[in-house]
Amino acid sequence: MTTQLSQSFTPDNQLDLMFPSEYIPEDVKTQLHSSLHVRPLASTDYRRGHLNILSVLTVVTDPGEDAWVAQFNAMRAAPKTYYSIVIVDKATDRIVAVGCVFIERKFLRGLGSVGHIEDIAVDKNQQGKKLGLRVIQALTGISENSGCYKTILNCSDHNIPFYEKCGFEKKENEMAKYA
Ligand code: ACO
C-alpha cells in the first residue's frame, strides 16, 4: 500500500511531528521494550506503514501520500486538538501500533474538555505484548494533562475486556447514523 523509507530508526528530533514529544507521559515511554519507541505521528509516517496498521482496524482506502500529508497538516493546524501517536519498531523504523485522542472543548462543566480516543490498532504480529495498553495509557495521559474531565471511546463487545484492563468502564450506549 505504501512506499517504504529504506532507513534505520529516525529519532524524534529529525522528524516533523504533529505535537511535541514531551506531551507523551515519560512513564509510558520507559515501560516500552527497548526495541520500541512511542512518539507523535510524523509527516513522513505514510512511508512507515501508518495506513497498513490502521487497516488492522477497518477498511482503509489509500488516498496517496500528498493527500495523507494534507490531512496531517490540517489536523496539526487545529491547535491543541489532535494527538495522534505511533509505536515504532526501532529495528525496521516501521510503525507497529497507532492511536489518537481528540480534545473536544465544551460549554458545560465550567468550559471543560473531553478526550475522545479513536482508531487504536496494533500490528497483528505484535498483539498481546501490551502495546495496545501503552497506546491507551499514553493517550489517556495526554487527555488528562490537557485538563479533560473524562476520556471516552466506542468499541465492540469483543474489545470491552481490553478496555477494562486499561482502566475504562462501560457507560451508556453508542448511537450512530452513517451518511
Ligand atoms: N479480550 C480480552 N482481553 C484482551 C483482549 C480481548 N479482545 N485484547 C487484549 N486483552 C487483554 C490482554 O490479554 C492483556 O491482559 P493482561 O494484562 O491480563 O495480560 C490486556 O488486555 C492488554 O492487552 P495488550 O497486549 O495491550 O493488547 P494488544 O496490544 O493486543 O492491543 C487491541 C489490543 C488494540 C484491541 C489489538 O488487539 C488490535 O489492534 N485489535 C484490532 C483493532 C481493534 O479492534 N482496535 C480497537 C478498536 S476500538 C477504538 O479504536 C477506540
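Me: What makes a residue part of the shell around the ligand, and which residues are the closest?

Reply: In this predicted model, 22 residues surround the ligand, the closest being Ile120, Val122, Lys130, Gly132 and Leu133. A residue is near a molecule if one of its heavy atoms lies within 4 Å of it. Local features need pLDDT of at least 70, and side-chain atom pairs count only at pLDDT 80 or more, while totals for chains, interfaces and linings use all residues. Residues are numbered from 1 along each chain, and side-chain values use heavy atoms, without hydrogens and water.

Me: Why is Asp93 called buried?

Reply: Buried means under 20% relative accessible area, taken with a 1.4 Å probe and protein chains only. Asp93 has 3%, and is therefore buried. Its phi is near 60°, a positive value in a residue other than glycine.

Me: Why does Lys130 count as exposed?

Reply: Exposed means over 50% relative accessible area. Lys130 has 52% relative accessibility and therefore counts as exposed. Lys130 also has a positive phi of about 75° although it is not a glycine. Most residues other than glycine have a negative phi.
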